[in-house]
Amino acid sequence: MSRIFGALKGAISGIFSTLSKILSTGYVFTWDFGLTFINLVTPNKKSRIGTLSEGESLWPPYVPPQEGDSRCSCPALNAMANHGILPHDGRNIKFTELSKLIHETYNFAPSFCYFVPNYAADFLGRDYKTGTMDLNDLDVHNCIEHDASLTRWDAKKSPDQSKPALELVHALLANATGDGGKTLTVEDLSRFTAIRRAHSKATNGQFTLSSNSKFFGSSNSGTLVLFFGGKVDDLKIFLTEERLPERWESTVRSRTGMTMALFNITAAKIESGIAGAKTHVE
């Protein structure tokens, strides 16, 4: 009898947990659409660049990672740690603090900044409100790290995902076609993603890329055009050194930040362009 009650208790607990996640997700998406509407009817934030004096930066000084520091496969998070926006050692980061600092640095909307760290906490089996993480914790395969990345070789070839694959980064930027090769476009990202997926599938005997990971990868790619304007000069610094360029600020100036609704439109454009893209570098 006790086993039966134990099984029932576990089943009920699982049902309530599932319902809680469904309600939470529904709330976040409703919140996100509300923020999207606010962005449509309110003026953009003013740029802060004009307030800087010569040689001044919006960001704390850049210090490369030292031995023992934790880094991951995400250039955006690594750059925040390298500038001391996140703890420089990349360790014991509160999920709630991560949400706040991503918003302040890149101007993602609060809905996005809650959803992604909450997803990471759930994936790692931790509590969003009280839990912490090290950056390299995120490199559990198919959490944020995935095969066919634009800036990292697959984990099978390069188990240490904390450092960019410079050969890949340079190839990506060399394929920019906008503004005479000075700007990376959505079409460029689709084409290079197609190349990476074909190469990974052909050379990685353990290649996996779920639909979620595909869209997540295209979402990551979208940050390059949405938050950096696709500018090759800035992206070279950001992707090779994982440093925020001098006098850079997010090109997203909407009042509440980039919402998931608008962010996913760009990700969908990149993903939809992959099927028809050529899979070799010309």
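Me: Where is the place of N92?
Reply: This is a predicted model, in which local features need pLDDT of at least 70 and side-chain atom pairs count only at pLDDT 80 or more, while totals for chains, interfaces and linings use all residues. Residues are numbered from 1 along each chain as its sequence is written, and side-chain values use heavy atoms, with hydrogens and water left out. Helices (H or I, at least four residues) and strands (E, at least two) are DSSP runs, numbered from the N terminus. On that numbering, N92 is in the loop between α2 (75-82) and β1 (93-94).

Me: What is the phi of N92, and is N92 buried or exposed?
Reply: N92 is not a glycine, yet its phi is positive, at about 55°. Buried means under 20% relative accessible area, exposed over 50%, and partly exposed in between (1.4 Å probe, protein chains only). N92 has a relative accessible area of 58%, so it is exposed.

Me: Which relative accessible area does N142 have?
Reply: N142 is found in the loop between β2 (132-133) and α5. Its phi is positive, near 70°, in a residue other than glycine. N142 is partly exposed, with a relative accessible area of 23%.

Me: Why does the span of helix α6 agree with its number of residues?
Reply: The expected span of a helix is 1.5 Å times one less than its number of residues. Helix α6 (residues 186-203) has 18 residues, so it should span 26 Å. The span agrees because the end C-alpha atoms of α6 are 26 Å apart.

Me: What covers the buried residues of α6?
Reply: The buried residues of α6 include L189, F192, I195 and R196. Contact means heavy atoms within 4.5 Å. The cover over the buried residues of α6 includes α5 (166-174), α7 (211-226) and α9 (260-274).

Me: Which residue just after α4 takes a positive phi?
Reply: Helix α4 (residues 110-123) reaches 20 Å from its first C-alpha to its last, close to the 20 Å expected for its 14 residues. Among its buried residues are F112, C113 and P117. Just after α4, the residue with a positive phi, about 75°, is G125.
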